Amino acid sequence: MKVGLVVPVYVNFPGFAELVRSVDIPVTPHIIDNWNDNRGVSKGWNIGIEESIKAGDEVTFIVNDDVVFSPGTMDKMIEGLSQFDLTTGINARDEFDSSGSPDWIPHPDFSCFAIKPAEFVDKFGWFDEEFTPAYFEDNDMFRRIELAGGTAMRNIHAPFYHKGSVTQNWGGSQVVTSPMFEMNRMYYIEKWGGQPGEEIFTTPFNEGV
């Protein structure tokens with residue numbers, strides 16, 4: 001199986017090196033340089049997924065540059081794609097009681113996810129690049145997956161460590177400012193009729209209803 005690894009890198013090159021050291025399966029890397037124009041998360045993901053499709057990758061991992069895999073996690077995420085449209089592991093930083101839980105549970109973590117790229121784009125489309133530079137693009141895609149009858153799940157036995165907000169707070173300044181965050185939040189509300197978890201539209205912007 002040919003596996004692609006998409007990693008948008010803005011400034012966190014030490015973290016990227018740590019990520020690469022944790023990869024324990026053969027992959028074709030697709031490294032997206034977001035440094036020059038801060039093109040944004042959705043744009044970086046879309047570019048990487050497109051490159052992965054063109055390379056003939058059957059599975060694509062899209063991973064933040066501040067993630068570290070645990071051994072075996074990538075294999076478990078790949079196995080899940082036989083059942084689900086998008087899979088993630090579980091962030092080791094999260095407090096989660098796994099007792100009595102099934103292996104796969106809802107609420108994926110988009111800091112580290114896997115898809116079958118061509119099939120995924122055909123079903124759900126590309127990430128919405130109007131969310132820029134970051135925040136709410138993952139909520140938007142999760143909404144679209146659910147409305148299309150798809151499945152996005154995480155495996156509680158597939159841990160990874162996501163440091164979180166490394167790029168956002170790099171050098172003491174915020175990459176996504178409060179006005180940027182608010183702009184994305186309002187765009188999400190306009191698109192879906194409510195904030196994440198409070199949506200009322202079943203089509204974007206309530207069109208075609």
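Which residues line the largest cavity?

Author: The lining of the largest cavity consists of Phe-84, Asp-85, Lys-116, Glu-119, Phe-120, Lys-123 and Phe-124. Some conventions come before the details. This is a predicted model, in which local features need pLDDT of at least 70 and side-chain atom pairs count only at pLDDT 80 or more, while totals for chains, interfaces and linings use all residues. Residues are numbered from 1 along each chain as its sequence is written, and side-chain values use heavy atoms, with hydrogens and water left out.

Rolling a probe the size of a water molecule over the atoms shows where empty space is left. The search uses a 1 Å grid over the protein atoms alone: a cavity is a set of points where a 1.4 Å probe fits but cannot get out, a pocket is an open set with protein on both sides within 12 Å along at least five of seven lines, and lining residues have an atom within 4 Å of a point. Grid points are joined across faces, edges and corners, and a volume is the space filled by probe spheres set on the points. Over the whole structure, the search finds 1 cavity of 30 Å³ or more. The volume of the largest cavity is about 40 Å³. By class, its lining has 3 nonpolar, no polar and 4 charged residues (Ala, Val, Leu, Ile, Met, Phe, Trp, Tyr, Cys and Pro count as nonpolar, Asp, Glu, Lys and Arg as charged, and the others, Gly among them, as polar).

The second largest pocket holds about 180 Å³ of space. Its lining is made of His-107, Pro-108, Phe-110, Asp-138, Asn-139, Phe-142, Arg-143, Glu-146, Tyr-188, Pro-196, Gly-197 and Glu-199. These divide into 5 nonpolar, 3 polar and 4 charged residues. Helix H5 (residues 137-147) supplies the largest share of this lining, 5 residues; helices (H or I, at least four residues) and strands (E, at least two) are DSSP runs, numbered from the N terminus.

One of the pocket-lining residues, Glu-199, lies in the segment after helix H6 (178-192). The side chain of Glu-199 reaches the backbone nitrogen of Gly-197 at 2.9 Å. Not counting residues up to four places away in sequence, Glu-199 touches Arg-143, Tyr-188, Trp-192 and Gly-194 (contact means heavy atoms within 4.5 Å). Glu-199 and Ile-189 are 10 residues apart in sequence, with their C-alpha atoms 7.6 Å apart. Within H6 itself is Arg-185, whose side chain makes a polar contact of 2.7 Å with that of Glu-182. A polar contact is a pair of N or O atoms within 3.5 Å; within protein, one must be able to donate a hydrogen and the other to accept it, and residues adjacent in sequence count only if both atoms are side-chain atoms. Beyond four places in sequence, Arg-185 is in contact with Phe-136 and Gln-195.

The loop between helix H4 (117-124) and H5 contains Pro-133, which is joined to Thr-132 by a cis peptide bond with omega of about -10°. Tyr-135 is in that loop between H4 and H5 as well, and its phi is near 90°, a positive value in a residue other than glycine. Tyr-135 has a relative accessible area of 33% and is partly exposed (buried means under 20% relative accessible area, exposed over 50%, partly exposed in between, with a 1.4 Å probe and protein chains only).

Thr-87, in strand E5 (residues 86-91), counts as buried at 0% relative accessibility. Its side chain reaches the backbone oxygen of Met-77 at 2.8 Å. Outside four places in sequence, the contacts of Thr-87 include Met-77, Gly-80, Trp-104 and Met-153. Helix H3 (residues 73-80) has Thr-73, Met-74, Met-77, Ile-78 and Gly-80 buried. Those residues line one face of H3, because they fall within an arc of 160° seen down its axis; the arc is that of the directions from the helix axis to the C-beta atoms.

Helix H1 (residues 13-22) has Gly-15, Phe-16, Leu-19 and Ser-22 as its buried residues. They cover an arc of only 120° around the axis, which puts them on the same side of H1. An α-helix has 3.6 residues a turn, so residues three or four places apart point the same way. The face of H1 turned away from its buried side carries the exposed residues Pro-14 and Arg-21.
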